[in-house]
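Q: I have a structure open and want to learn how to read it. Can we go through it one feature at a time?

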Amino acid sequence: MFINIHTHSEIFDAKVEIVSLSPGDPLKPNFHSRGIHPWKISKDYKKELEQLKVIANERRCIGIGECGLDKYSDVDYELQKTVFEEHIKLANELNKPLIVHCVKSHTELLAILKKMENKVPVIVHGFNNNLAIATTLLKAGIILSFGKALLNYESNAVESLRNSGRDKFFLETDDSDVSIKYIYKKAAEILFIDEEILQEQLKNNFRKIFKEEIL
Ligand SMILES: [Zn+2]
């Protein structure tokens, strides 16, 4: 059984695919998350946040995001922080995990989560940072999600995955066209474990974090 924790379109090659949607996107019958990506914060963001507060109640919306902070985004960084704080507030009200995009902002991420007294699980997606950053985030209870960077054995993602606890990570495709099945295969090789064991572990992680039963 494969679980794709973060994608931008339905691929239908996993039992669970969490498709990341904007507040205004049409409803999906399958699991998804909702949020405003830090690249896509427009001047209408207040209206979009109001929309998000309503639509994120949907049963199949199991996470808030993709949201977060990105120093390379054209959007004003202070505005990104304001919008991200609204996502954290909503996630805590609805008790749904946050799926976070974080670029050059790890210190700010931890500070903002603390300031907002965040209580819900936080998944930093597309993780490909060095071990020092991974360790800092893991110590703060954050879960890492790894994607196509695992295909490059020299990447930081490989080293960080090896040092993440088994119950502290997920796998994803994001917007790449690599199959989640291939990412599982690579992750199992990196961890020197059987693929079935990896599948079982990530199923348990999903159950624990998202409080969803999957068969
Ligand atoms: Zn994404």
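Q: Does Gly 165 count as buried or exposed, and why?
A: Start with the rule. A residue is buried if 20 or more other C-beta atoms lie within 10 Å of its own, exposed if 12 or fewer, and partly exposed in between, with C-beta atoms placed from the backbone. Gly 165 counts as exposed because it has 8 C-beta neighbours inside 10 Å. Gly 165 sits in the loop between helix 5 (156–162) and strand 8. The C-alpha atoms of Gly 165 and Lys 71 are separated by 28 Å, and the two are 94 residues apart along the chain.

Q: What should I know about the model and its numbering?
A: This is a predicted model: local features need pLDDT of at least 70, side-chain atom pairs count only at pLDDT 80 or more, and totals for chains, interfaces and linings use all residues. Residues are numbered from 1 along each chain as its sequence is written.

Q: How many helices and strands does the protein chain have?
A: Helices (H or I, at least four residues) and strands (E, at least two) are DSSP runs, numbered from the N terminus. The protein chain has 7 helices and 8 strands. Its radius of gyration is 16 Å, close to the 17 Å that the globule rule gives for 215 residues, so the chain is as compact as a globular protein of that length. That radius is taken over C-alpha atoms, and the globule rule is 2.2 Å times the number of residues to the power 0.38. The C-alpha trace spans about 45 × 35 × 30 Å along its principal axes. Buried residues make up 40% of the 215.

Q: In what order do the strands lie in the sheet?
A: Two strands pair if DSSP finds at least two bridges between them. Here 8 strands form an open sheet with parallel pairing, in the order 1-2-3-4-5-6-7-8. Strand 1 (3–7) and strand 8 (169–171) stand at the edges with a single partner strand each, so one side of each has no neighbour in the sheet. From one strand to the next, the twist averages 25 degrees. Axes are lines fitted to C-alpha atoms, for helices over the stretch in contact, and angles run from 0 to 180 degrees between N-to-C directions.

Q: Which residues are bridge partners around strand 7?
A: Strand 7 (residues 143–146) pairs with strand 8 in the parallel sense over 3 bridges. Leu 144 has Phe 169 as its bridge partner in strand 8. Strand 6 (residues 122–124) also pairs with strand 7 in the parallel sense, over 2 bridges. There, Ile 123 has Ile 143 as its partner.

Q: Which way do the residues of strand 7 point?
A: In a regular strand the side chains alternate between the two faces of the sheet. Ile 143 and Ser 145 point one way from strand 7, Leu 144 and Phe 146 the other way, and all are buried.

Q: Which residues touch the most other members of the largest nonpolar core?
A: A nonpolar core is a set of buried Ala, Val, Leu, Ile, Met, Phe, Trp, Tyr and Cys residues joined through C-beta atoms within 7 Å. The largest has 51 residues, and Leu 98, Val 100, Ile 123, Val 124, Leu 144, Phe 146 and Leu 171 touch the most other members. Contact between two residues means that their C-beta atoms, placed from the backbone, lie within 7 Å. Beyond its neighbours within four places in sequence, Leu 171 has contacts including Ile 5, Phe 146, Ile 183 and Leu 202.

Q: Where does helix 2 lie, and what do its buried residues pack against?
A: Helix 2 (residues 77–94) lies across strand 4 (61–70) and strand 5 (98–103), at about 160 degrees to strand 4. Its buried residues include Val 83, Phe 84, Ile 88 and Leu 90. They pack against helix 1 (45–55), strand 4, strand 5 and helix 3 (106–115).
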